[in-house]
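Okay, everyone, let me put today's model up on the screen. I'll talk you through the fold and then the aromatic rings.

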Amino acid sequence: QVRLVESGGGLVQAGGSLRLSCAASRRTFSGNAMGWFRQAPGKQREFVAAISWSGGDTFHTDSVKGRFTISSDNAKNTVDLQMNSLQPGATAIYYCAARDGASWSGLYEYFGQGTQVTVAS
């Protein structure tokens with residue numbers, strides 16, 4: 001079991017930046033890939049970004065490419081999401097996630113409680 005705790009959400013003006021951080025209780029021997037999802041009011045959960053256990057392979061959904069960057073620190077069991085040039089459409093609850101596997105691609109079994117990001121116009 002992996003416990004995930006997010007931090008760093010809040011209210012920001014359009015064009016601003018936020019950095020989300022996720023602390024994992026442990027990483028398995030085989031490594032957990034980790035990612036970020038978000039869910040806006042009335043919408044389905046969206047896969048935003050992910051990073052492999054090694055950190056050498058990342059994914060960013062098209063709508064955030066060039067503005068969001070995912071990174072990880074395996075020594076600290078943390079994964080961050082740097083979000084720049086935020087727009088109101090990014091308003092959502094952001095969830096940290098982890099999966100039992102080194103690759104970022106696949107089913108994510110573990111989710112944090114989420115952190116609210118609100119972008120004001």
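So, how much of the accessible surface of the protein belongs to carbon and sulfur atoms? The answer is 50%, out of about 6000 Å², with areas from the Shrake-Rupley method and a 1.4 Å probe.

Housekeeping: this is a predicted model, where local features need pLDDT of at least 70, side-chain atom pairs count only at pLDDT 80 or more, and totals for chains, interfaces and linings use all residues. Residues are numbered from 1 along each chain as its sequence is written, and side-chain values use heavy atoms, leaving out hydrogens and water.

On to the fold. We have 11 strands and zero helices; strands are DSSP E runs of at least two residues, helices H or I runs of at least four, numbered from the N terminus. Buried residues, meaning under 20% relative accessible area, make up 45% of the 121 residues.

Now the rings. The whole structure has seven aromatic pairs, with ring centres within 6.5 Å (planes under 30 degrees apart are stacked, over 60 edge-to-face, the rest tilted; for Trp the six-membered ring is used). Take Phe47 and Phe59: centres 5.0 Å apart, planes at 15 degrees, so they're stacked. Phe47 sits in strand β5 and Phe59 in strand β6, so the pair ties together parts 12 residues apart in sequence.

Phe47 also pairs with Trp104, at 6.2 Å and 35 degrees, so that one is tilted. Trp104 is in the loop between β9 and β10, so this pair ties together parts 57 residues apart in sequence. Trp104 counts as buried at 19% relative accessibility.

Finally, ring pairs link Phe37, Phe47, Phe59, Trp104, Tyr108 and Phe111 into a cluster.

Note on methods. Buried < 20%, exposed > 50% of the residue type's maximum accessible area, 1.4 Å probe, protein only.
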